[in-house]
Every structure is written in structure tokens, then in C-alpha cells.
Amino acid sequence: MSLPPSVLIVTIGEDPPERLDKALARDVPEQAALSRSRLARMIAEGAVTLDGRAVTDPKAKVAEGQDYALTLEPAAEVDTLPEDIPLTVLWEDDDLIVIDKPAGLVVHPAPGSWTGTLVNALLHHFGGNLSGVGGERRPGIVHRIDKETSGLLVVAKSDRAHHGLAAQFEAHSVTRRYLAVTHGVPDAADPRLRGVAGLGFEPGGIIVIRTHLARHRTDRQRQAVCAEGVGRHAVTRARVLEPFGRPPAAALVECWLETGRTHQIRVHLAHAGHGLIGDPVYGGRRKLATRAVGEAGVAAVTGFARQALHAATLGFDHPVTGERLDFVSELPEDMTALIAALSGSV
């Protein structure tokens, strides 16, 4: 049996914008978490009424003191099915959940991966305790990490959390740091790097990579650095934490994002000539010399089955309470073993 719709009354305040959609977006209660785009859809669908009559023109003029009735349909169920997949939960409340995702888990259902995803797991975890995002009873994915990248991910459970988190990601105010193991050592003192387009340098041995990224012209599954004015602006910062080998042949690198584009760290480090170990798409076919990292190091690199990338820290302001939340995820066992082999400690 479906639930009946609810009605929200919005009173137009002083000096309202001339258009109905803008006025409603300004005066709707924040806790209702209704974006302007959703309000526009509601107006078009006849779900906004004044004195019992539907107002379907978003440009309709409004006046102070008018009471508009907004009919809110209950969150609809989605076709994605819950699946009992174990999750490591670091934080959960009524509005959001923070997950430490293992490598190999796809975040969102897509062609070729309709089941066995994080969203399937979350739907099972939530049971019926999910208020819904965008008018559907589904978790709100505000950012993603690749299937074979491990680490931290925040997911919205309500519209108000989804909007608040999305705004922070858009403003680049979310703290995200990654740990990667690269072929070679992206040392800011390397003169070769100074000839790479888009690379700059900051104090403390920090490399700044500023380029535009877009889909590859011939392989639509890949991203590529492209010319100015094409694609989307992307900025990555990186610094070497520990070099491995004699002479250095690999490195543990800390990366942090100013923007969050698809495959951004993987593409940017490959652009700098230091693709990730284990990355089948951007890492290249480079081999490490036994004399540099030993037989154990070569074996560990050869057998590493994914890109060596881990989302290690995540920080943001809670979108509802304003509380500052910061999370840390320790390196998973496979990356710890890789580093130990490269450093000669095994």
C-alpha cells in the first residue's frame, strides 16, 4: 500500500523575487531540502497550488504573504535491490554514512555492474530507514572512488544532507587525501618535471598538476589530459613521502584533490610520467629492476592486481549539524605488503 502525499505550506516573505520558482527556493524551509530544480519540476507537474488552484508557470509573479501549498509525494522505491554485502561503517546518523570501501567494490550500479555494488549493500544496510534523495528512496552518491581504489566515502541518506555535501564538494572545501605507490619518484627537484605541461611547484616539495581532463578521443572508458578550453579543469597536488629502491625506482606519494574528476589522480600522475603501480589503464607496462628493489619487490609489483591507490583521509562539515567530521583509513593489507616488499623489509 502506497503512502499518501504530504503537503507543505510555504509563505512568501518580504521583498520576494519576481519569479515563483525563485521565491519558493528562497522561502521554503531549509529542512525540507527542496532544491530549485526540484521545485521547478513540482511547479510543472501541478504540485504547487495557490488558493486551491495549481500554478504551473515558474515565472508567475508572487506577492508577500501568499501561502503556496506544495504536495510532496513519498519517496519512491528504486529498482536496485538490497544485497547483504558486508560494510565497514565509520559513522552513521539519520543524514549520512561514512564507509571504508574495500578495493573491488563498485560504488554505483551501471552497465556491466548492476549488482554487487556499494549502493546494493547500503540499501540492505539501511533497511527501511532511508528518507530518500531526489524523490527516490535511494542513497545519495555525492562523490565516487574507482572500483579498485580502496578507502573513504561519504554517502547521503537524506535530501538535506545530499544538498549540503554536494555544495561542499562544489566549493572544494572537503578534505580528501590519498596514498599512492608510483613507478619512479615524482620528485619536485627532478628537472624533467619542469618541462611537463601543466606542472608547477610549491614549497615543501609539492608538485601541482593543473590541466583539463576529458574523455579520451578513441577510448571512451579512459580520461585524458586535453587542451585548454576542452574538458574540465582539474587540480592535483602531490608530494613524495618515501622513495623505494637503490637507485629509487618507486615511491609512496601523498595526493590531495582540489577538484574531483574521474580518474584524476591516476591520469595526472601518469601525465607527470609516474603512473600508479598496478594501474592497467594508465600505469603503462614499466618494469622495476631487480637490482633496485630486489626480487621480492619485483614480485610484489608484478603480482599487484589493482592500482595502488587508497583514499586515506576525508573531512567535511556535517551538512545538518555543522559539526566538523574527520576520518582516517589505514592502508589495506595489499598496499602495506607492497610497500614492505619495495622497502626491503620482507
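Predicted model: local features only at pLDDT ≥ 70, side-chain atom pairs only at ≥ 80, totals over all residues.

Student: OK. What does the chain span along its principal axes?
Tutor: About 80 × 45 × 40 Å, going by the C-alpha trace.

Student: How many helices and strands are there?
Tutor: The chain has seven helices and 18 strands.

Student: And what percentage of the residues is buried?
Tutor: Of the 346 residues, 45% are buried.

Student: Switching to charges. How many positive and negative side chains are there?
Tutor: There are 37 positive and 42 negative ones. The centres of the two sets lie 10 Å apart.

Student: Now annotations. Where does UniProt place the "active site" feature?
Tutor: At D146, and the record is an unreviewed entry.

Student: Which element holds D146?
Tutor: D146 lies in a loop, between β9 (140–141) and β10 (150–156).

Student: Why does D146 count as partly exposed?
Tutor: Because its relative accessibility is 22%.

Student: What does D146 touch beyond its sequence neighbours?
Tutor: Leaving out residues up to four places away, D146 touches K101, H263, R266 and Q307. R266 comes up again in helix α5, where it is one of the buried residues.

Student: Let's do α5, then. Why is it called largely enclosed?
Tutor: Helix α5 covers residues 264–271, and six of its eight residues are buried, so the rest of the structure largely encloses it.

Student: Which ones are buried?
Tutor: Q264, I265, R266, V267, H268 and L269.

Student: What covers them?
Tutor: The cover includes strands β11, β13, β14, β15, β16 and β17. After the helix comes G273, with a positive phi near 90 degrees.

Student: You mentioned β13. Is that strand mostly covered or mostly open?
Tutor: Mostly covered. Eight of the 10 residues in β13 (206–215) are buried.

Student: Which strand does β13 join through seven bridges?
Tutor: That is β15 (residues 232–244), running antiparallel to β13. One partner pair there is L213 with R232.

Student: And how many bridges link β13 to β14?
Tutor: Four, again in the antiparallel sense, with β14 at residues 223–226. In that pairing, H212 stands opposite C226.

Student: What about β12?
Tutor: Strand β12 (199–202) is antiparallel to β13, with four bridges between them. E202 stands opposite I206. The two strands form a hairpin with three residues between them, and G204 takes a positive phi near 90 degrees there.

Student: What is Y178 in contact with?
Tutor: Setting aside neighbours within four places, its contacts include I145, T149, V253, I265 and L309. I265 is also among the buried residues of α5.

Student: How far is Y178 from I207?
Tutor: They are 14 Å apart, C-alpha to C-alpha, and 29 residues apart in sequence.

Student: Next, α7. Which of its residues are buried?
Tutor: In α7 (333–342), M335, L338, I339, A340, A341 and L342 are buried. Their cover includes β11, β15, β16, α6 and β17. Just after α7, G344 has a positive phi of about 80 degrees.

Student: Last one: which strands pair with β4?
Tutor: β1 (6–11) joins β4 (67–72) through six bridges, antiparallel. β2 (48–50) joins β4 through three, also antiparallel.

Conventions: Residues numbered from 1 in each chain as written. Heavy atoms only, no water. UniProt positions renumbered as here; feature names shortened; annotations may be inferred. Buried < 20%, exposed > 50% of the residue type's maximum accessible area, 1.4 Å probe, protein only. Contact = heavy atoms within 4.5 Å. Lys, Arg positive; Asp, Glu negative; His and termini not counted. Charge placed at Lys NZ, Arg CZ, Asp CG, Glu CD. Pairing = 2+ DSSP bridges.
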